[in-house]
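Hi,

Here is the structure I said I would pass on. Have a look first, and then read on for my notes.

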Amino acid sequence: MGNLLNEFSVSRAREAEFESGGLRSFLEYRDLGIKKATGGRWRASISHSLQAMPGGTGLHRHALDVQVVFVLQGQATFEYGQYGEVEVGPGDCIHQPSGIVHQQTDRTADCMVLEVVSPGDFPTEETGLEDYVEPDPSSGVVSRYSVSRAADTPFTSHPLRPWLERRDLGIAAATGGRVNAHVSRCREPMPGPTGLHRHDLDFQMVFVVAGTCAFDYGPHGVVELEAGDCVNQAPGIPHDLLRRSEDCQILEITSPAEFGTEDVA
Ligand SMILES: [Fe+2]
Ligand SMILES: [Fe+2]
């Protein structure tokens, strides 16, 4: 935290521009403004296909801290070292640990994949098939491959808001608590605004998967959000969730996984 750049930002689906020129020529990418807002410590983007995949991307690995892959729509198939091919669909989430040898082997034309990485830029190396070896426990670093499937992971009660429930995406376990990712939805109609509060953390990204909601961000005003919109909730920013539609689903990614919350008078 300290003086590290971490600014409030909003990226709106309605104004979104998908651009080519990323890592893969058959994909277009929408940047969600997180890299700029966090001074490059994090990056979030959505990719979608420009054309049918020309075969696999080729086996490669990245050197980074965290890589979360969340499928928004369509189907994608990845291959991971000893874990083999994994086909994922809407709501499925993968943690790709640093150094795991992988490739994308297929994706449907309508596929949209949200990817969140830290840091924002990292080296990529083409390589042959190798098994993934988790960091030695003596290093204190936890970095595991994990797949959380929407069909297999139930929504459970939300620790902070009884009218909400959430689905854990396995990221806290895979990263030893460095990062958490979950999808929340209403268990019952929202009883009223949450009240102004703030969280003590290093990073918090909110992405609206479905429905609509509105936050009061104090000096930044009231922000109405709809599916596809993304907010960088800068650390410590006071905010009040004013309303969310009953069908609203929000994907939230935080670092660390556990953090304090205090009400703001
Ligand atoms: Fe990759
Ligand atoms: Fe909050």
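Below is what I found in it, going from the whole chain down to single residues.

First, a caveat: this is a predicted model.

Overall picture. The chain has 23 strands and two helices. Its radius of gyration is 18 Å, close to the 18 Å that the globule rule gives for 265 residues, so the chain is as compact as a globular protein of that length. Along the principal axes, the C-alpha atoms fill a box of roughly 55 × 45 × 35 Å. Of the 265 residues, 34% are buried. If you look at contacts with a separation of 6 or more, 73% of them are between residues 24 or more positions apart.

Domains. Where the two meet, 23 residues of domain 1 are in contact with 22 residues of domain 2. On the domain 1 side, the elements giving two or more residues are strands E1 (9–11), E5 (66–73), E8 (93–95), E10 and E12 (146–148), plus helix H1 (34–37). By class, that side of domain 1 has 14 nonpolar, seven polar and two charged residues.

Core. The largest nonpolar core has 48 residues, and the members that touch the most others are Val68, Val113 and Met205. Strand E5 gives the most to this core, with six residues. Both domains take part: the core draws at least three residues from each of domain 1 and domain 2.

What is it in contact with, leaving aside its neighbours within four places in sequence? The list is Ile46, Ser47, Val69, Val71, Leu72 and Ala76.

Cis peptides. Two spots to check by eye, each a Ser-Pro step. A cis peptide bond joins Ser118 and Pro119, with omega about -5°. Pro119 is in the loop between strand E10 (112–118) and strand E11 (124–126). The peptide bond from Ser255 to Pro256 is cis as well, with omega near -5°. Here the proline, Pro256, lies in the loop between strand E22 (249–255) and strand E23 (260–263).

Over to you!

Cheers

Conventions. Residues numbered from 1 in each chain as written. Chains lettered and ligands numbered in written order. Predicted model: local features only at pLDDT ≥ 70, side-chain atom pairs only at ≥ 80, totals over all residues. Helix = DSSP H or I, 4+ residues; strand = E, 2+ residues; numbered from the N terminus. Rg over C-alpha atoms; globule rule 2.2 N^0.38 Å. Buried ≥ 20, exposed ≤ 12 C-beta atoms within 10 Å, placed from the backbone. Contact = placed C-beta atoms within 7 Å. Nonpolar A, V, L, I, M, F, W, Y, C, P; charged D, E, K, R; others polar. Core = buried A, V, L, I, M, F, W, Y, C linked by C-beta atoms within 7 Å. Domains from an automatic or database assignment.
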